[in-house]
Amino acid sequence: MRKIVCLLTIAVLMASCGQKSSESYYIPKDAIAVMYVNIESLAKKSSEINYNELGISDFAKKAPGDFGDMITEIMSKENLDNTFRKEFMLGFVTIDRMSGMGGFILPIKSGEAFEKFIQPIMDKAPPMEKMENVGKGKAFTVYASDQLAIGWDGKTALIIGAKDYAATELTDLTELDKSKSVYATDYYKGFFDASKDMGMHVTSTPVAQLLTSFMTMSSGIDVDLENNNLSYYLNFDDEFVFTQTKATLNKDIDRLLGYKDWMTTGYSKSMLDVLPNDPSVLMKLSISPSAFYEHFEGMQNNKVIPPDARKHLQRSIRDMNKGLKGETGMTAEDIVGIFEGSMMVAITEGITVKDTVYNPYARYYNGGEDDEEPYTIVDKKMPYMYGAIALKDKEKFDILMNIASAKGGLKTKAKNHFLLPDNISLVVTDDLLFITNHESKADEISANGKLANNLSDFKYKSNLSHSGYVYMSSNISEMTTDLMKSFTGAGVPGLDTYTENTSKLYGEYFSDNHIFMDVDGIETRTYVKGEGNSLTRVMLYYAAMAKELDAMQSTY
């Protein structure tokens with residue numbers, strides 16, 4: 001049954017183009033998750049792809065019996081174009097109905113075309129009961145088992161999976177009144193963005209009452225969980241893959257998190273002077289420490305939190321401030337006020353060192369000898385890491401450093417230059433704290449206040465205006481693979497070659513990756529390399545990945 005659903009989903013994704021969705025009325029109002037796929041835009045963007053390059057024919061050849069011939073037949077472009085209307089595919093999941101269910105809603109050209117399309121699949125499937133003249137206007141034909149139902153009329157096909165009563169669920173959906181469909185919700189019309197290739201929406205409302213009761217009974221938290229919504233979009237632009245995640249929270253959850261009050265966007269420009277100019281990874285975060293602490297203290301009066309928990313928090317804050325005042329002469333509020341609120345972390349390729357690691361697969365690589373030593377000497381590739389934390393009040397920060405030095409936690413190398421265990425260096429300037437495992441860079445900053453080759457001319461500097469930002473270069477995949485292999489010796493038999501090859505593939509198909517975080521959500525842009533738009537490159541990348549997976553499986 002799963003093969004049937006998977007095959008139909010792939011088929012409709014490969015169908016042609018369209019303009020709007022008229023199938024939304026089949027989605028129930030109590031759906032906890034809703035998704036759409038814009039077949040029109042995807043088809044246009046993938047029109048230049050040679051589908052033979054995707055390995056579909058190779059997959060069909062490996063299918064058991066004559067299943068491969070069936071795949072080749074039904075997945076032909078002509079067959080798909082003759083079957084599906086050029087609009088949207090929809091999907092949903094609900095848990096607040098007879099049995100809990102989910103499904104896909106497909107736009108078709110005619111009932112006859114869809115039945116012709118699906119018949120070869122049904123002939124290979126386990127027996128299913130056929131029902132005719134059911135549903136709205138007695139216009140639907142349905143094939144069903146207890147847990148799967150496939151039905152269609154002259155323009156729409158529904159594939160419904162349910163714990164039980166799948167056929168009943170399907171026919172019930174065909175007769176939904178508009179007031180009981182997803183169109184009756186507050187979110188759906190705003191969520192459905194036809195300019196995006198794909199979208200998904202999750203809402204808490206259908207399960208809010210149940211979850212609220214559970215939380216109240218189990219922890220005493222009296223919080224309204226209705227009307228919290230998460231929207232996710234995916235779009236394949238010419239140069240990059242774009243994703244966007246938006247969260248719309250109700251007042252209770254908003255007050256509990258408070259992030260709109262403490263997330264900021266500014267940053268200290270001097271941090272760029274102490275970071276290297278060629279990072280493989282760069283991360284930046286901006287918050288208001290004072291506002292964050294104020295929100296934390298305000299939790300004592302947040303009535304969403306149980307009274308006993310608020311009293312415990314109040315005692316904890318009081319004891320914390322008493323202890324800090326006695327040891328440092330400052331309260332927690334004073335200490336968080338030392339920091340400006342912005343920080344950056346950079347990672348570059350580092351050094352290669354020899355190390356001995358335990359390798360459980362050593363005998364496999366050495367002919368299976370029982371007495372083979374299970375430890376391996378490896379070249380461990382350790383990246384250099386650099387952190388910069390902006391300071392607002394260096395005088396007070398010096399007090400903290402002096403206390404740490406007096407306790408023996410720091411070794412002084414030079415004025416405002418300290419050493420920690422594991423080759424970690426700290427350098428304190430007038431307006432920032434610098435931390436690194438690259439000692440020569442710490443020496444340079446201690447002597448000159450900045451690096452000669454620094455990040456001040458970072459080509460993506462404008463992206464640092466977001467509250468949170470992450471940049472990753474295309475070599476991050478290989479760096480990660482090298483680092484992980486350093487800790488596992490020769491790696492897992494068969495898997496290590498696959499991992500190395502696929503990490504190289506990533507660098508062939510993708511370039512820089514950017515993540516932007518702000519109070520209104522998260523966006524990502526993953527740039528692609530090579531000819532064709534981002535959808536073309538993604539599809540070819542996964543086809544190449546599939547070949548590598550097939551090669552790995554053949555070694556077992």
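Asn227 is partly exposed, with a relative accessible area of 42%; partly exposed lies between buried, under 20% relative accessible area, and exposed, over 50% (1.4 Å probe, protein chains only). The residue sits in the loop between helix H9 (205-219) and S9, where helices (H or I, at least four residues) and strands (E, at least two) are DSSP runs numbered from the N terminus. Phi of Asn227 is near 60°, a positive value in a residue other than glycine. Most residues other than glycine have a negative phi. Tyr165, also not a glycine, has a positive phi of about 55°. Tyr165 is found in the loop between S7 and H7 and is exposed, its relative accessible area being 55%.

The model is predicted, and local features need pLDDT of at least 70, side-chain atom pairs count only at pLDDT 80 or more, and totals for chains, interfaces and linings use all residues. Residues are numbered from 1 along each chain as its sequence is written, and side-chain values use heavy atoms, with hydrogens and water left out.

The protein contains 20 helices and 20 strands. Of its 556 residues, 47% count as buried. Among contacts (heavy atoms within 4.5 Å) with a separation of 6 or more, 69% join residues 24 or more positions apart.

The largest nonpolar core has 36 residues, and Phe114 and Trp152 touch the most other members. Such a core is a set of buried Ala, Val, Leu, Ile, Met, Phe, Trp, Tyr and Cys residues joined through side-chain atoms within 4.5 Å. At least two residues of this core come from each of helix H2 (39-45), helix H6 (111-124), strand S6 (148-152), strand S7 (156-162), strand S9 (229-236), helix H19 (495-509) and helix H20 (534-553). H20 gives the largest share, seven residues. Apart from this core lies another, of 28 residues, including Phe88, Phe140, Leu170 and Phe191. Beyond its neighbours within four places in sequence, Trp152 is in contact with residues including Ile108, Phe114, Ile118, Phe140 and Tyr143.

Helix H7 (residues 166-174) is largely enclosed by the rest of the structure, because seven of its nine residues are buried. These are Ala166, Ala167, Glu169, Leu170, Thr171, Leu173 and Thr174. They pack against strand S2 (88-94), strand S3 (101-107), strand S4 (129-134), strand S5 (140-144), S6 and S7.

Ser46 lies in the loop between H2 and helix H3 (56-62). At 7% relative accessibility, Ser46 counts as buried. A polar atom of the Ser46 side chain lies 2.8 Å from the backbone oxygen of Leu42.

Strand S8 (198-203) and S9 each supply at least two residues of the patch. Tyr232 belongs to strand S9 and is partly exposed, with a relative accessible area of 30%.

Definitions and conventions
Polar contact = N/O pair within 3.5 Å; in protein donor to acceptor, adjacent residues only side chain to side chain.
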